[in-house]
Number of protein chains: 2
Amino acid sequence: MAVAPLAELRDEVADLLAQMCTAAATSLRNATVALRDNRGRLAAQVEAADKEIDDLRTRVEQIATTAMALHSPMAGNLRSVVSALRASDDIERMGDLASHVARAVQRCEDGHRIPDEARAVFVEMGEMGADMADKAAQVARTRDVLLAIELERDDDEMDRRLRSIFEMLLDRHWEHGIGAAVDVTLLARYYERFADHAVKVAKEIVYAVTGRTIAEVQAALDAGPQL
Amino acid sequence: MAVAPLAELRDEVADLLAQMCTAAATSLRNATVALRDNRGRLAAQVEAADKEIDDLRTRVEQIATTAMALHSPMAGNLRSVVSALRASDDIERMGDLASHVARAVQRCEDGHRIPDEARAVFVEMGEMGADMADKAAQVARTRDVLLAIELERDDDEMDRRLRSIFEMLLDRHWEHGIGAAVDVTLLARYYERFADHAVKVAKEIVYAVTGRTIAEVQAALDAGPQL
């Protein structure tokens, strides 16, 4: 069997990571639509789709191990491979969190419901989180490092939504009871964690595809056009 | 500079992982005492101690990268190194979760308090979680794979506590208001996640120190005394 060059394996990993991010984005979008419209069957599909993300992660691991074993890459390349593995772990977790949202929808169908005012914020959080995962996919596909930097700002936006959820909960006019408060608290946390992981993933992908940290890339950009 | 043999680097990583687990156990214990006795200053110490765990993780990463670069280990050894890195990521997260508990204590000091009945369960969850982290440390120190298997049972016990917290919250006699319900929900989740990570860590450490999965080790044990 011919040994694939390291650059080729790296492109293949970048492509798999992009696929994983896109799949995580789709899962979160579907889970959020299921939440918005109370669609239990769509929620069940999100859980089923999680296997696809897990399979992609296994392939990243195989390729990364092959790359290391066949090419004994030097320190810088090794850190790239490790970053790719870390990114795949984080994206897998994003898939899990989308599944958690989906499971909450299934729980709510036969129990207490999410109040409309919280649901509206979750719809926004779901769109934002999915867009963040799509941006991370684009970082993997295009090596556009500026997108990775953008993700930090998106995350601030997400944190603002989280705070508005907690303000809603702690407002003394909350009249939806404890069960709904518990569900809303957990859902808010799932969306927030999804976004946190997306930020981490984008950073790891930058390292995996460029061999440089975002800070290094930014410093080089600031230093002027010689890059 | 003399190149350290791979076995030596592996021992060094195992020792660092054990130190990280012990530090995470200490953090969770302190955070839980702070929660039990409403001690804001102790909670602040937990947050400060988190840096120690982060520094240990950086060292694991350095040694793992050195090991790979100097020895170009074969596929099996590579997976061990990758498992060690994954373990260090998970233990770092355990430290973060202990900090989250500590931060919740600091929030509660000047706000709503955790009801005694929930606090009692959290004290149990804190002890169990810290014991699990200690067991993971022992797996790293002694390669006692049976301890790693035990951790799965411990995690079931933890999940039972989590369910009892949710039953408490959803019981219609909950009279501590929404703020306390939100705090209790988040705390329950932090403890549960800490335990989940401890189970993962023990599995990763088994692979890192023996080069075999728990399932493989168990199959070998079941096959009889030829091991």
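Is B:Arg36 buried, partly exposed or exposed? In this predicted model, B:Arg36 has a relative accessibility of 41%, so it counts as partly exposed. Its salt-bridge partner is B:Asp37, with the closest N and O atoms 2.9 Å apart. B:Asp37 comes out at 35% relative accessibility, so that residue is partly exposed too.

Other charged pairs sit elsewhere in chain B. B:Arg57 and B:Glu92 meet in a salt bridge at 3.3 Å, N to O. This pair ties together distant parts of the chain, with B:Arg57 in helix H2 and B:Glu92 in helix H3, 35 residues apart. B:Arg57 counts as buried because its relative accessibility is 17%, and B:Glu92 counts as buried at 18%. Then there is B:Asp90, which pairs with B:Lys200 at 3.4 Å between the closest N and O atoms. Here the link runs from helix H3 to helix H6, across 110 residues. B:Asp90 is buried at 6% relative accessibility, while B:Lys200 is partly exposed at 43%. Over all chains, the search turns up 44 salt bridges. Some join up into a network, as with A:Arg57, A:Glu61, A:Asp89, A:Glu92 and B:Arg86.

Now for the nonpolar side of things. The largest nonpolar core holds 161 residues, and A:Phe122 and B:Phe122 touch the most other members. Among the contacts of B:Phe122 are B:Leu35, B:Ile114, B:Val184 and B:Tyr191. Another core, of 12 residues, lies apart from the largest one and includes A:Met68 and B:Leu85.

Definitions and conventions
Residues numbered from 1 in each chain as written. Chains lettered and ligands numbered in written order. Predicted model: local features only at pLDDT ≥ 70, side-chain atom pairs only at ≥ 80, totals over all residues. Heavy atoms only, no water. Core = buried A, V, L, I, M, F, W, Y, C linked by side-chain atoms within 4.5 Å. Buried < 20%, exposed > 50% of the residue type's maximum accessible area, 1.4 Å probe, protein only. Contact = heavy atoms within 4.5 Å. Salt bridge = Lys/Arg side-chain N within 4 Å of Asp/Glu carboxyl O. Helix = DSSP H or I, 4+ residues; strand = E, 2+ residues; numbered from the N terminus. Lists of a residue's contacts leave out its neighbours within four places in sequence.
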